[in-house]
Amino acid sequence: MKKSFKILALLLSLVMMLSVFAACDNGSGDGDKTGDEETTTTGSGETTVSGSESNNDSNSESDSNKGETTTKVEEVTEVMPDIDKKDYGAEFYLSVLNDTNPMDHYWVEESNNDVLSAALYDRQEKVKNYLGVEVLASMAGHFETYTEDLKTAVKNKSGGIDTLLTHVSSGVSGLITGAYLTPFGDLPGVDLDADYWNQDFMEALSVCDEYLLGFSDFNILYTYVIAYNVDLLAKYDDALNKSVYQMVDDYEWTLQQFIDIAKLGHIDNGSVEKSQYGLTGQLWVPWCGFLEACGVNLVEINDKGMYEISYMNDVYKERTQNIVTALTELAASKEVCVDYQSVTAPKVPFESGRALMTLTATINVDDYLNYDIDFGVLPYPTYDTNQKEYRSLQWGGYLAVPAFLEDEEMVGETLEMLSFFSEDVKTAYYQKLLGKQIADNPDDRRMLEIIWDSVCTDFGQTFDEISGNPLYMLPIVTSGTTSLTSFYEGRTNGGNKSIINFLKKVDKKY
């Protein structure tokens with residue numbers, strides 16, 4: 001997500017105000033600050049003042065070695081959206097594809113002792129108090145049929161669905177070619193420049209210059225992460241020159257580093273039932289995330305302004321080949337215990353304590369809390385140290401607004417406020433995943449923030465039904481008997497033609 005310039009401005013303003021007050025209290029005596037003082041703001045809500053002299057008070061903790069004073073900023077409030085408080089006296093109906101997006105990650109009937117449900121309920125109450133809108137939700141149905149109610153409501157102009165949470169790909173293209181959606185740019189009250197909307201993400205899925213799919217802080221993050229066993233990894237500290245968290249911070253958490261650690265964690269004790277492995281779990285969808293993470297786009301706009309299958313073009317060909325080769329060799333090595341498309345638990349589940357790492361979805365991380373295992377989380381690695389951004393493949397679907405709405409303004413403003421009030425839900429989500437207070441997990445919380453901020457998607461993933469179903473399976477398919485070249489050649493011509501036809505259909509509708 002884009003950095004919050006509004007919050008930064010508020011913090012800097014607060015620092016300047018504190019400086020003025022301190023100067024008033026101390027007059028022109030020894031407490032005056034010097035002109036070479038610098039001010040920075042940390043992500044934890046702390047303001048650090050560095051200079052030759054600093055004020056000391058009961059709220060400050062000094063480090064004489066660093067010459068810094070840390071002042072705790074109790075609370076910083078995001079600037080409210082430009083929406084007047086009102087009373088619509090209305091209901092907002094959210095339709096949730098539960099196969100992909102569990103409803104209790106987005107809406108609850110009442111609050112209970114669960115930290116996430118309490119935050120969700122509080123968000124609903126805030127929207128109700130500010131707009132007079134009660135948010136209600138229902139299950140949309142199976143992922144192969146979940147769009148039917150929305151289509152019927154649009155055709156009959158009957159309403160009843162104000163927003164749909166979609167699958168990550170199934171059914172999405174049909175909503176667009178059938179003109180069943182309202183562009184987000186047409187919704188009153190929605191400010192796509194606000195920090196809680198991920199406009200870069202939406203731009204990646206824009207069709208014919210329209211944002212037909214939305215993504216904001218309201219979307220509970222469903223992406224694939226690397227979970228690791230803290231106690232097992234500690235045994236290999238001497239073999240690593242720094243912690244894995246520091247590797248991430250220094251952009252040294254690369255594909256090769258991930259593979260090296262996976263191989264490092266293997267101990268052969270004579271049988272699968274007794275041995276330790278560096279990596280375990282199902283490959284399937286988790287395996288597919290490495291392409292996006294390593295900076296390869298499946299489909300993108302070429303220099304002629306046209307979408308085309310891109311993972312084997314002049315820019316990506318060598319990288320794609322190297323990624324697929326490295327992953328294929330890892331999957332075949334004895335150091336790991338992985339399955340491709342098995343729906344059963346792996347032979348050595350991560351919770352057994354005999355695996356150093358596993359690939360898992362964020363919504364499943366808290367399952368490990370049921371076992372006696374200390375775990376941490378990491379983003380997927382970059383391709384190499386030259387890649388200075390992490391990319392986390394999002395798998396939870398998107399916000400889709402029907403083309404027919406009974407009250408367009410109410411829907412737009414409700415979506416805006418739901419997104420605005422989602423910061424506490426995000427924090428509660430982290431706490432639920434980690435099973436501890438966020439303050440007690442500074443490193444893992446930082447990793448989750450990196451993952452959240454680096455969430456991405458791909459035209460070829462979302463519209464796989466029309467671009468050569470399914471391109472994102474490339475690392476899986478090519479690990480078998482199918483070569484990368486034959487996989488590519490078998491999809492390029494037909495896939496590119498399908499993309500052109502898809503865009504022509506959309507262009508006629510919007």
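**Strands, rings and a helix**

Colleague: Which residue in S13 is the bridge partner of Ile-226?
Modeller: This is a predicted model: local features need pLDDT of at least 70, side-chain atom pairs count only at pLDDT 80 or more, and totals for chains, interfaces and linings use all residues. Residues are numbered from 1 along each chain as its sequence is written, and side-chain values use heavy atoms, without hydrogens or water. Strands (E, at least two residues) and helices (H or I, at least four) are DSSP runs, numbered from the N terminus. In S13, Ile-226 has as its bridge partner Leu-359.

Colleague: How many bridges join S8 to S13?
Modeller: Two strands pair if DSSP finds at least two bridges between them. S8 and S13 (residues 355–361) run antiparallel. The number of bridges joining them is five.

Colleague: Which residue in S14 is the bridge partner of Tyr-228?
Modeller: S8 also pairs with S14, in the antiparallel sense, over four bridges. In S14, the partner of Tyr-228 is Gly-376.

Colleague: Which residues point the other way from Tyr-224, Ile-226 and Tyr-228 in S8?
Modeller: In a regular strand the side chains alternate between the two faces of the sheet. Six of the six residues of S8 are buried (under 20% relative accessible area; exposed is over 50%, partly exposed in between; 1.4 Å probe, protein chains only). Tyr-224, Ile-226 and Tyr-228 point one way, and opposite them are Val-225, Ala-227 and Asn-229.

Colleague: How many aromatic pairs are there?
Modeller: Rings of Phe, Tyr and Trp (its six-membered ring) pair if their centres lie within 6.5 Å; planes under 30 degrees apart count as stacked, over 60 as edge-to-face and the rest as tilted. By this rule the count is 22.

Colleague: How many residues apart are Phe-201 and Phe-215?
Modeller: Phe-201 and Phe-215 are stacked, 4.1 Å centre to centre with 25° between the planes. Phe-201 is in helix H5 (residues 199–204), while Phe-215 is in the loop between H5 and S8 (224–229). Both are buried.

Colleague: Which residue has its charged end over the ring of Phe-487?
Modeller: A charge sits over a ring if NZ of Lys or CZ of Arg is within 6 Å of the ring centre and within 35 degrees of the ring normal. Lys-426 lies over the face of Trp-452, at 5.3 Å from the ring centre. Over Phe-487, at 3.9 Å from the centre, sits Arg-491.

Colleague: How many of the 13 residues of H11 are buried?
Modeller: H11 (residues 408–420) should span 18 Å, and its end C-alpha atoms are 18 Å apart, which agrees. The expected span is 1.5 Å times one less than the number of residues. H11 is largely enclosed by the rest of the structure, because its buried residues number 11.
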